[in-house]
Amino acid sequence: MNHLILNRGLTLLTPFLSLDFLKKWTGRSFIAPFYHTVSDDDLRHLKHLYPIKKVDAFKKELDFFQKHFEPIGLFDLLKYIEQHNALPENKFFLSFDDGFRECEEIVMPILLKRGIPACFFINPPFIDNKDLMYRCKQSLVFDKILESDEKARFKNHFSYLDSDETVLDRFGISFEAYLKKQKPYMSSVQLQNLVENGFDLGAHSQQHLPYYALSLKEQIAETLESLKAVQQFQPKAYTFSFPFTDDKVDNSFFEAIKKSDLKITFACAGLKDDSIVNHIQRYAMEFDKGKYLSTYDEMKAVWLAYKMKKLLNKSKVYH
Ligand SMILES: [Zn+2]
């Protein structure tokens, strides 16, 4: 069911339930919210992929998480899981995917001021704006087309646009020029600055391809090559988050990476448990939740949905 409709529906059921009650009732009080970027700018390489989180909205969401949970950093999260074989209580773990430059320029100062730790998952080939991820190319091309008088002809062709040179020529698009001018990604210096300020870096694959479309061998190569490149910035980096989804990634992947430096991994199926204890499902914060829904109401609906899934034996992801 559509995320938004489910949340709106469940919100009708939650006015008399407090989040504290829902946490106790479900036996779960840990959440791992994740973002990509935070910006008040109209970022053309992202605006057609998901709603871009505005600075003020981000701060309000942090207010919510700090009021109802305590922040936990990667090291303490891993230590807790290793000791207890379970997720910690009343904690939130914050992370950001894809390595966009606003992470260092906008997010880092906000988190430092509040004393919130976080992990940033990076695709090494895009560091220093050497290339643009294919979904970002699609967003940029689509945005150019919407400006043109050919908009009607292309409007249903969002996903095949990126590599078609005739389309790029026709609309005068140069990814190189956009990368140079806009600088969507963090530079090496910015990554170093995150590490020097106590934040963690993690790998997020090389090319940001959906893992269900790769062979096991390719999945492992994408993962370990990106980890190795991230370790140039943080030598002891030991984490990875899946690009898009861990859907259809089976246990043989997790068995294979046990021999590597990876100690903890992340995906984004929402508030769910996982059959692998050091593999954590995160909750995506960037979606159109409608104007009326506060983070408090949203989270109550998310917790109630978790309870319902648990009753139906659907609250756990198996690999
Ligand atoms: Zn990503």
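This is a predicted model: local features need pLDDT of at least 70, side-chain atom pairs count only at pLDDT 80 or more; totals for chains, interfaces and linings use all residues.
Residues are numbered from 1 along each chain as its sequence is written.

Colour by burial next. Of the 319 residues in the chain, 35% are buried. Buried means 20 or more other C-beta atoms within 10 Å of the residue's own; exposed means 12 or fewer; partly exposed lies in between, with C-beta atoms placed from the backbone. Now think about contacts (C-beta atoms, placed from the backbone, within 7 Å). Among contacts with a separation of 6 or more, 75% join residues 24 or more positions apart.

**Stop 1**

Two strands pair if DSSP finds at least two bridges between them. Strand 3 and strand 4 (residues 91-92) are joined by two bridges and run parallel. Pick P71 to see one: its bridge partner in strand 4 is F92.

**Stop 1: the core**

Move to the largest nonpolar core, which has 67 residues. Such a core is a set of buried Ala, Val, Leu, Ile, Met, Phe, Trp, Tyr and Cys residues joined through C-beta atoms within 7 Å. Select F96, F120 and I122: these touch the most other members. Helix 13 gives the most to this core, seven residues. The core draws at least three residues from each of domain 1 (3-40 + 49-128 + 187-317) and domain 2 (133-183). Those bounds come from an automatic or database domain assignment.

Stay on I122. Beyond its neighbours within four places in sequence, I122 is in contact with G99, I127, L191, L201, A203, H204 and V230.

**Stop 2: helix 5**

Select residues 102-114, which are helix 5. At 1.5 Å times one less than its number of residues, its 13 residues should span 18 Å, and the end C-alpha atoms are 17 Å apart, which agrees. Look at M108. Helix 5 bends there by about 40°, and a proline, P109, follows within four residues. The bend is the angle between axes fitted to the seven residues ending at a residue and the seven starting there.

Which residues of helix 5 are buried? They are E102, C103, E104, V107, M108 and L111. These pack against strand 5 (95-97), strand 6 (119-122) and helix 10 (188-196). Step past the end of the helix to G115, where phi is positive, near 70°.

**Stop 3: Y296**

Jump to helix 13 (residues 295-311) and pick Y296. It is partly exposed, because 14 other C-beta atoms lie within 10 Å. Leaving aside neighbours within four places in sequence, Y296 is in contact with L19 and F64.

**Stop 4: a loop**

Finish between strand 8 (239-241) and helix 12 (251-257), in the loop that holds F244. F244 is not a glycine, but its phi is positive, about 65°. It counts as partly exposed because it has 16 C-beta neighbours inside 10 Å. K248 is found in the loop between strand 8 and helix 12. Its phi is near 65°, a positive value in a residue other than glycine. Is K248 buried or exposed? K248 counts as exposed, with 10 C-beta neighbours inside 10 Å.

Methods
Two residues are in contact if their C-beta atoms, placed from the backbone, lie within 7 Å.
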